Amino acid sequence: MTDNRPMRRQVALFAALVLLTGLVVIVPPAPPAQAATISGAGIVYAGIYSEHFDAGADLNNLAAATGKRMTFAGTFHSVNENDGVAGGWSNTREALNAVWAGQATPFANLTVPASAASIASGAWDGKINEWASHLQQFLDLGGGRSLVLAPLQEMNGNWTSYGCDPANFISAYRRVVDIVRGRGIDETKVRFAFAPNGWTPPGCGSIGSYYPGNSYVDVIGISAYRWADGANVFSVMGDTVNQVAGAFPGKPIIIAQTGAWPSASKDQWIREMFSWAASNPSVVGIVYFNLNKTGEPGETDWRVWVNPTVNAGWRDAVRAPSTAYQWPLRDWFQPGQLSLSLNSGVTLCKAGADCDTAVFQDGAGRFNIWDLATSGKVLTSFHYGNPGDVPFSGDWNCDGVDTPGLYRQSDGYVYLRNSNSQGVADIAFFFGNPGDIPMSGDFDHDGCDTVSIFRPAEQQFYVINDLGSNDGGLGAAEYSFIFGDPGDKPFVGDFDADGVDTIGLHRESTGLVYFRNSNSTGVANSQFIYGDPGDKIVAGDWDGSGTDTIGVYRPGNGIFYLRNSNTQGNADAWAFAGSYTGLAALNR
Ligand SMILES: [Ca+2]
Ligand SMILES: [Ca+2]
Ligand SMILES: [Ca+2]
Ligand SMILES: [Ca+2]
């Protein structure tokens with residue numbers, strides 16, 4: 001979904017120039033790449049939209065009531081807002097400066113009251129430039145003044161004058177950015193937010209169809225309101241945020257507008273939203289719509305704060321240690337492109353330890369082995385099998401090195417390879433019944449991995465301690481046992497470091513993880529909740545302790561999250577992987 005058209009156009013122009021002139025064009029070396037890299041893992045910045053024009057006093061009162069300041073305060077602007085004012089007054093400057101007086105950074109939404117086509121035509125350039133001159137008055141007051149500017153917010157809705165017109169929106173948005181930058185206002189003063197609504201009405205395309213391009217977007221803002229009691233954080237915003245994070249890796253995401261409809265669960269929902277945002281590495285902030293809209297059609301009183309009373313949920317959320325505060329927000333306004341860390345920077349594997357890493361299978365049937373499970377860096381990549389084959393890994397020849405295996409449902413065969421390189425299978429054999437799931441591991445502690453069978457229709461696990469060979473079938477199972485509930489997905493690991501791999505199960509709909517430490521029927525030895533609905537689980541020894549712990553790959557946002565203990569809690573490390581179809585742990 002990333003828009004690379006400008007890059008292609010530049011390449012084409014350059015080629016044409018060379019052809020026409022026959023000259024060798026000397027391109028000066030690019031300046032050293034600068035980047036302001038921020039992390040959304042473990043922290044979130046809070047903000048509100050104040051209902052008072054004197055936002056500074058309101059923010060100061062709120063800080064007194066909660067003991068914590070707001071990093072952001074949201075404002076709404078129109079390019080017409082300074083019409084008719086005289087005597088050097090500026091509504092824009094004063095509104096932004098009121099936020100600054102409350103020791104917060106403005107998150108400023110800018111509307112142009114016209115269609116996207118009209119804005120794209122340039123008809124509003126003069127008015128936008130006039131508004132930008134008022135913005136400049138605010139910035140010229142100095143003292144580190146800076147802001148996030150969201151031009152033409154909620155453009156994917158059909159309720160904005162410029163909404164529901166992706167092609168013209170892209171030009172219109174870029175015009176606003178170019179005009180502001182054309183005044184010499186650089187990235188140390190303003191960061192631009194592409195701020196769609198969290199859901200797009202039918203007929204208005206997708207969020208990605210409005211994306212103005214990486215060079216025009218510093219932050220992605222999402223509007224997401226809780227309109228109904230009972231809606232959880234994942235359904236209100238988590239699902240959309242995952243999709244946006246997966247489509248635009250490296251772009252920080254801020255919940256640019258949110259509010260909860262009054263209900264008995266409102267406070268708890270706000271606590272959960274902040275805790276979700278803090279643990280989500282892509283989400284850097286939440287700005288709450290603290291306005292009373294009672295009386296407007298379909299609206300309500302969204303507030304969590306009416307001086308001097310603050311809702312318990314909001315108070316608890318902003319007091320949490322993971323809710324950070326910075327003013328001026330210097331981390332965001334360093335020179336260079338603002339970008340999000342693509343991994344947690346935490347290395348679980350200590351030097352010299354024998355740790356597992358991850359291998360991801362892509363849609364083309366390529367195996368990509370990471371150097372470390374926490375790094376996101378591909379060390380080795382090779383084709384093995386076909387797209388759609390079920391990947392796994394194991395030590396088939398007992399030499400201490402894990403190599404690929406795959407199960408091809410179309411012919412019912414398992415194909416194993418003894419080296420991490422492209423080539424034909426070293427071992428092939430017929431496997432189980434259609435629908436069976438291959439489970440690789442060392443189930444008898446002899447140092448060799450074998451391929452056992454999980455039969456979902458029966459929740460039956462068939463333990464097989466010898467490999468098949470020569471296109472024959474697998475031998476009879478040594479024993480079998482029943483474990484788990486229908487629909488749960490099996491995984492294998494040594495969860496108690498005794499050298500014997502056993503089976504665990506994962507309920508993808510709720511994140512329930514449970515396992516046994518012996519290959520026998522019985523209750524789970526351990527169970528806990530981990531991850532989001534739809535996550536794909538794997539277990540590996542990420543730190544070389546001998547104990548396998550879980551990791552989950554989240555297809556929605558392309559992030560691999562690792563936990564270094566088999567307990568409920570936030571990820572201990574994570575890394576962006578991108579789009580993959582299969583995952584296994586691997587000891588290389
Ligand atoms: Ca091996
Ligand atoms: Ca074995
Ligand atoms: Ca074990
Ligand atoms: Ca471990």
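**View 1. The largest nonpolar core of the predicted model**. This core holds 93 residues, and of these Val44, Leu149, Ala193, Ile255 and Val287 touch the most other members. Helix α6 gives the most to this core, contributing eight residues. Apart from this core lies another, made up of 65 residues, with Tyr514, Ile537, Tyr561 and Leu583 among them. In soluble globular proteins, nonpolar side chains tend to be buried together.

**View 2. The surroundings of valine 287**. When residues up to four places away in sequence are left out, valine 287 touches Gly47, Ile48 and Tyr49, together with Phe72, Gly74 and Phe107, and also Ile254, Ile255, Ala256 and Gln257. Both valine 287 and one of these contacts, Ile255, are listed with the residues that touch the most other members of the largest nonpolar core.

View 3. After α6 comes glycine 184, whose phi is positive, near 85 degrees.

**View 4. The open sheet β17-β18-β19-β20**. Four strands make up this open sheet, in the order given, and their pairing is antiparallel. Strands β17 (390-394) and β20 (427-430) form the edges, each of them pairing on one side only. From one strand to the next, the twist averages 20 degrees. Between β19 and β20, which run antiparallel, there are four bridges, and valine 414 has phenylalanine 429, in β20, as its bridge partner.

**View 5. Serine 410, in the loop between two strands of the sheet**. The loop that holds serine 410 lies between β18 (403-408) and β19 (413-416). Serine 410 counts as exposed because 9 C-beta neighbours lie inside 10 Å, where the cut-off for an exposed residue is 12 or fewer. The C-alpha atom of serine 410 is separated by 9.5 Å from that of glycine 388, although the two residues are 22 residues apart along the chain.

How values were computed: Residues numbered from 1 in each chain as written. Chains lettered and ligands numbered in written order. Predicted model: local features only at pLDDT ≥ 70, side-chain atom pairs only at ≥ 80, totals over all residues. Buried ≥ 20, exposed ≤ 12 C-beta atoms within 10 Å, placed from the backbone. Core = buried A, V, L, I, M, F, W, Y, C linked by C-beta atoms within 7 Å. Contact = placed C-beta atoms within 7 Å. Pairing = 2+ DSSP bridges. Axes fitted to C-alpha atoms, helices over the stretch in contact; angles between N-to-C directions.
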